[in-house]
Amino acid sequence: LLLVGGIPFWVTDIPVALSFPWDRATLPFMLGAALFTSGMLEWLLRPVFLPYALALLVALAVGYHSLNAAVYAGEWRAMRDYFWQMTWRAPDMKDGAIILSDDIPLFKHSDNDLTPVVNWTYRPHTTGDRYTYQYFDLSTRVELPIPSYQPGLSVVKGYRSFRFEGSTDALLALYWRSPGCLHVVSA
């Protein structure tokens, strides 16, 4: 099971790693790892020590999941603060706005994740396959679909089944370092 679990990732050349976001690819290995670990414990330890080894493994798992939950809780607080400040400092964002950030102040999110959040925040009742707003993280995007930062240029970006159409007339630059204030510069 340890060998078979990785076939879909190895065939499609998706990285398997313990760091975010590639740690999701380790999920299919769990059953094989659990069977292997229990087999090794049964083989290496005397029966009197097995309950202690099992208790230690459970304690490590609970501790790890508690730390992971704390990371996501902190991420939620940072995201909530970030978007609260964004809506406070830019309450009426123009339709078709392109939001540029030098570095997203979140660990578990990318600009592809924040684009829907911006759209849900500013246009919560919008339906369909069109984004009203697009978020770009300049630190991770080597190539942007923005031809130039001159006004009046059309920008089109597709992501999965969604599409954004905007213009460089509505650029909004953001800068934020927690726990400070969000700085907004509009074009």
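**Close-up views of a predicted model**

**Figure 1. Residues at the meeting of helices α3 and α4.** In this predicted model, M79, F83, M86 and T87 of α3 meet L114, V117, V118, T121 and Y122 of α4. Sorted by class, the contact of α3 with α4 comprises seven nonpolar residues, two polar residues and no charged residues.

**Figure 2. Geometry of the packing of α3 with α4.** Two packed helices are described by the angle between their axes and the distance between the axes. Helix α3 covers residues 50-89 and helix α4 covers residues 111-122. The two pack at an angle of about 50°, and their axes are 11 Å apart. Helix α3 is therefore oblique to α4. The crossing in which α3 passes α4 is right-handed.

**Figure 3. The largest nonpolar core.** This core contains 22 residues. Those that touch the most other members are Y82, F83, M86, M93, V118, Y135 and L174. At least two residues of the core come from each of α3, α4 and β6 (171-175). The most is given by α3, with five residues.

**Figure 4. Surroundings of M93.** M93 is one of the residues that touch the most other members of the largest nonpolar core. When residues up to four places away in sequence are not counted, M93 touches M86, I99, Y122, R123, Y133 and L172.

**Figure 5. I146, a buried loop residue.** I146 is found in the loop between β3 (134-137) and β4 (154-159). Its relative accessible area is 9%, and since buried means under 20%, I146 is therefore buried. Residues up to four places away in sequence aside, I146 touches I98, L100, F136, V155, T168 and L171. Between I146 and S167 the separation is 21 residues in sequence and 8.8 Å in space, taken from C-alpha to C-alpha.

**Figure 6. Q85 in helix α3.** Q85 is a residue of helix α3. With a relative accessible area of 6%, Q85 is buried. Beyond its neighbours within four places in sequence, Q85 is in contact with W176, G180, C181 and L182.

**Figure 7. S101 in strand β1.** Strand β1 spans residues 98-101, and S101 lies in this strand. S101 counts as buried, at 2% relative accessibility. Its contacts, leaving aside neighbours within four places in sequence, are with Y82, Y135, F136, D137, L138, S139 and L174. Among these contacts, Y82, Y135 and L174 are also named among the residues that touch the most other members of the largest nonpolar core.

**Figure 8. D13, a residue with positive phi.** D13 lies in the loop between α1 (7-11) and α2 (30-44). The phi of D13 is near 60°, a positive value in a residue other than glycine. Relative accessibility at D13 is 67%, and because exposed means over 50%, D13 counts as exposed.

**Figure 9. R160, a further residue with positive phi.** R160 is placed in the loop between β4 and β5 (162-167). Although R160 is not a glycine, its phi is positive, at about 55°. R160 counts as exposed, with 74% relative accessibility.

Methods
Residues numbered from 1 in each chain as written. Predicted model: local features only at pLDDT ≥ 70, side-chain atom pairs only at ≥ 80, totals over all residues. Heavy atoms only, no water. Axes fitted to C-alpha atoms, helices over the stretch in contact; angles between N-to-C directions. Helix = DSSP H or I, 4+ residues; strand = E, 2+ residues; numbered from the N terminus. Parallel < 35°, antiparallel > 145°, perpendicular 65-115°, else oblique. Left-handed = near helix turned anticlockwise from the far one by under 90°. Contact = heavy atoms within 4.5 Å. Nonpolar A, V, L, I, M, F, W, Y, C, P; charged D, E, K, R; others polar. Core = buried A, V, L, I, M, F, W, Y, C linked by side-chain atoms within 4.5 Å. Buried < 20%, exposed > 50% of the residue type's maximum accessible area, 1.4 Å probe, protein only.
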